[in-house]
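I opened the notebook to record what I looked up in this structure. The entries follow the order in which I went through it.

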Amino acid sequence: MKKYNIKNLKYSGLFFVMLLLTMVSFVGCARLDEEPEKTILSTDILNSEETLEAAVAGMYRRLQQSVMWTAYFTASFGGDDITTHSASNKLGFREADWRRQTTTSERILDNGGGAYGASYEVIRIANSIIENKDNIVNGKQDNIDRLIGGEAHFMRAFSYLHLTRTFGEVPIVNLTSKVEDLTKASVLEIFELMEEDLILAESLLPDVYPNISMVGARPSKGTVKAYLAKVYMHWAGYPIKDNSKYAMAATKAKEVIDNEGTYGFELATNFRELWTVANRFNQKESVFAMVFCTTCGAGYSNRTTGRLGTPPIAGGWNETFGEITFYENMQANAIANGTTQRFADTYSDDILPRGQRPNAADWRNFSDEPHPIFRKIVGGDYAETINSTANDINRYFMRYAEVLLTFAEASARAGNSSSEAWEALNRVRRRAGATEDITSGDLVDLAFEERGWELAGEYERWYDLVRTERVVEFFEKRSPLERVDVVNNLKPSTTGDYLYFSPLPQVEIDLAPSLDN
C-alpha cells in the first residue's frame, strides 16, 4: 500500500534524485528526468538555482498529476451546483454529493489523485525545498528567494487550504514527521500556518512572474494577496468564525483590485473562451491556474473535461453534471437581470448526441437521466472536445472575478458596503451581461448569490456553503428529480446531519491510529 504524507522524511545520503538541469518554462510543459516528488531531495543535490528550479517545477508537476483527475475535487460534489450519475461507477462522487462519505469511500485516496495524499506530496516537496534554503550556494539571490520563500511557501499554503477545507483537522507535517507521531492540528493552527506562509510569499514574489506564457500559471505577488483574502474569508466563516477576518479579507482583495494593472489581472471579455483550448494562453483573468499539455504525453492532460461531462447518448462518461434546481434558479436570475449570456456560457445546449442536435431543454429528455450539461466541463468550444477525455482546457484555481466578489462580500460582512464594494459586484455582473447596476439591497446576499452564478461548476460552491453554514438550506431545495445514489438506496437526510468535512482515508488511519479521533 502506498504511503503518502506520512513517510519518515529525514534526509540521508542514501537518497538522491536526478533533476533536469536545463528546462523550459513549466507552462510550456516542463519535464523532469525523474519526478522529485517521488524521492527525498538530498542536501548534496539541491544546492543550486538550477536544481532548485527543477525541484520547484516538480512540485507543480505533482499538483498537475492530481488536478488532472476529478478525484482531487471529490468533496465539491457536495455543492448544490454539481452532481454525478445515480447508478454508474461514480460511487465516490455520489457519496460526496449527499455527504455520506466514510473512511473507505472511493476517491478519497484514489491512488494519489485524491485530495489527501496528493496534497501531502506537494507539501513534502515544499518542505524539502524550504529546509534546504541554506544549502543553495549558486545562483541569483532574487531568484532563490522567489523559488523558496515565494513559491514553496505559497504551494504549501495552497495545499493546506485544500486539505483543511476538505477534511477539517489534518496533520501538520514536516521533514521529520513519523507515522507513529502524527496528530491532527486544529483548523486554527492550520490557518495560522497558511497565513505565515502567504505573508512570507507575498514579500518575496514579484509583481509579474517572469518568462511564463499566461498570467497566473505561476504565482505572483497579486496571486498571494488574493489567496490571503481567500484564507481570511474562510477563517471568518465556519468552523473558526472569527468575524474580524472579514475586514482583513476585504483589505487584501482591495490591494489586488487597486493594483490589477500591475499584476496583469483583468476580466475576460469573452467568458466562454476561458474554457477553450485555442485561447488558453490569452487569459489575464487567471489568478492561479494549471496549464496542461497533451502533446507532452498522456500524463500532462486535463482529464476532468470533455466527455466526462456528457451522458452516454453523447458518447459521455456520466461524471460531472449540473444540478437541476441550481440550473433553474440561475436561468431565472439570468432572465431577470439580463445575464443570459453568462448562463449560456455556463451550460451547454448544443451537445451532439449521435448526430442529433437537441434543443435547449433536451437534457430533460435524455434517455438515461436528466441533468444539465456544464459547458465549463465539456468545453467552451465543444468541437475541440467532442471526442475528448484528455485535453488542454485550463484548470482555474482562482479567477479575478472571484477576487472582485470576495471584496464585495467581505466588505459587506465587515460592515462596509462602500461604493467600491458595489462596483466590484457590478463589474462581474456587467461582464455577465447585466445592463443595469445595483447599488442597494443586502450586499452580503447579493455578492454571495453572484458568486454562486459566476463560479458554478468550478468546484468552489461546496466550500462557500460550508463557510456560511448554509448546506442544509440549499440541500432542502434540491429537485426531487435528482437521483444521487440509487445503487445504495442513499437519500438526503431530513435532519440536516450532513458531513461538512470528509473523513480521513482509512489507509492513513491504519498507519497512524492517532488520527482516528
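**Entry 1. A strand pair**

I noted before anything else that the model is predicted. I began with strand E4, and looked up where Met-290 is bridged in it: its partner there is Arg-395. I then read the pairing as a whole. Strand E2, residues 286–290, runs antiparallel to E4, and four bridges join the two. Next I asked how covered E4 is. The strand spans residues 395–399, and five of its five residues are buried.

**Entry 2. The largest cavity**

The search gave 10 cavities of 30 Å³ or more. The largest holds about 250 Å³ of space. I counted 20 residues in its lining, and those nearest its centre are Phe-73, Arg-165, Phe-397, Tyr-459 and Glu-460. Helix H4 (141–167), helix H6 (221–236) and E4 are the elements that each give two or more residues to this lining. Which element gives the most? I found that E4 does, with five residues. I also sorted the lining by residue type and got 11 nonpolar, two polar and seven charged residues.

**Entry 3. The second largest cavity**

I wrote down a volume of about 90 Å³ for the second largest cavity. Its lining includes Thr-164, Arg-165, Val-187, His-234, Tyr-238 and Pro-239. Arg-165 had already come up near the centre of the largest cavity. H4, helix H5 (187–204) and helix H16 (461–467) each give two or more residues to the lining of the second largest cavity. H16 has the largest share, three residues. By type, I sorted this lining into seven nonpolar, two polar and two charged residues.

**Entry 4. Salt bridges**

I reminded myself that side chains of opposite charge can pair when their charged atoms come close. The count for this model came to 40 salt bridges. I looked at three of them.

What is the distance between the closest N and O atoms of Lys-230 and Glu-402? I read 2.5 Å for this salt bridge. Lys-230 is in helix H6 and Glu-402 in helix H13 (residues 400–413), so the pair ties together parts that are 172 residues apart in sequence. Both residues, Lys-230 and Glu-402, are buried.

Lys-376 is in helix H11 (residues 375–378), while Glu-458 is in the loop between helix H15 (443–454) and H16; the two are 82 residues apart, and the pair links distant parts of the chain. I found both Lys-376 and Glu-458 buried.

**Entry 5. The disulfide**

How many disulfides are there? I counted one. It joins Cys-293 to Cys-296, with 2.1 Å from S to S. The link is right-handed, with 70° about the S-S bond. Cys-293 is at 10%, so it counts as buried. Cys-296 is at 11%, so it is buried as well.

**Entry 6. Backbone checks**

I kept in mind that most residues other than glycine have a negative phi, and most peptide bonds are trans. I then listed exceptions.

The peptide bond between Tyr-238 and Pro-239 is cis, with omega about 10°. Pro-239 is in the loop between H6 and helix H7 (245–258). Both Tyr-238 and Pro-239 were in the lining of the second largest cavity.

Arg-99 has a positive phi, near 55°. I placed Arg-99 in the loop between helix H2 (91–97) and helix H3 (115–131). Its relative accessible area is 0%, so Arg-99 is buried.

Tyr-459 has a positive phi too, near 65°. Tyr-459 is in the loop between H15 and H16. At 3% relative accessibility, I marked Tyr-459 as buried.

Methods. Residues are numbered from 1 along each chain as its sequence is written. This is a predicted model: local features need pLDDT of at least 70, side-chain atom pairs count only at pLDDT 80 or more; totals for chains, interfaces and linings use all residues. Side-chain values use heavy atoms; hydrogens and water are left out. Buried means under 20% relative accessible area, exposed over 50%, partly exposed in between (1.4 Å probe, protein chains only). Two strands pair if DSSP finds at least two bridges between them. On a 1 Å grid over the protein atoms alone, a cavity is a set of points where a 1.4 Å probe fits but cannot get out, and a pocket is an open set with protein on both sides within 12 Å along at least five of seven lines; lining residues have an atom within 4 Å of a point. Grid points are joined across faces, edges and corners, and a volume is the space filled by probe spheres set on the points. Ala, Val, Leu, Ile, Met, Phe, Trp, Tyr, Cys and Pro count as nonpolar, Asp, Glu, Lys and Arg as charged, and the others, Gly among them, as polar. A salt bridge is a side-chain nitrogen of Lys or Arg within 4 Å of a carboxyl oxygen of Asp or Glu. A disulfide is a pair of cysteine sulfur atoms within 2.5 Å.
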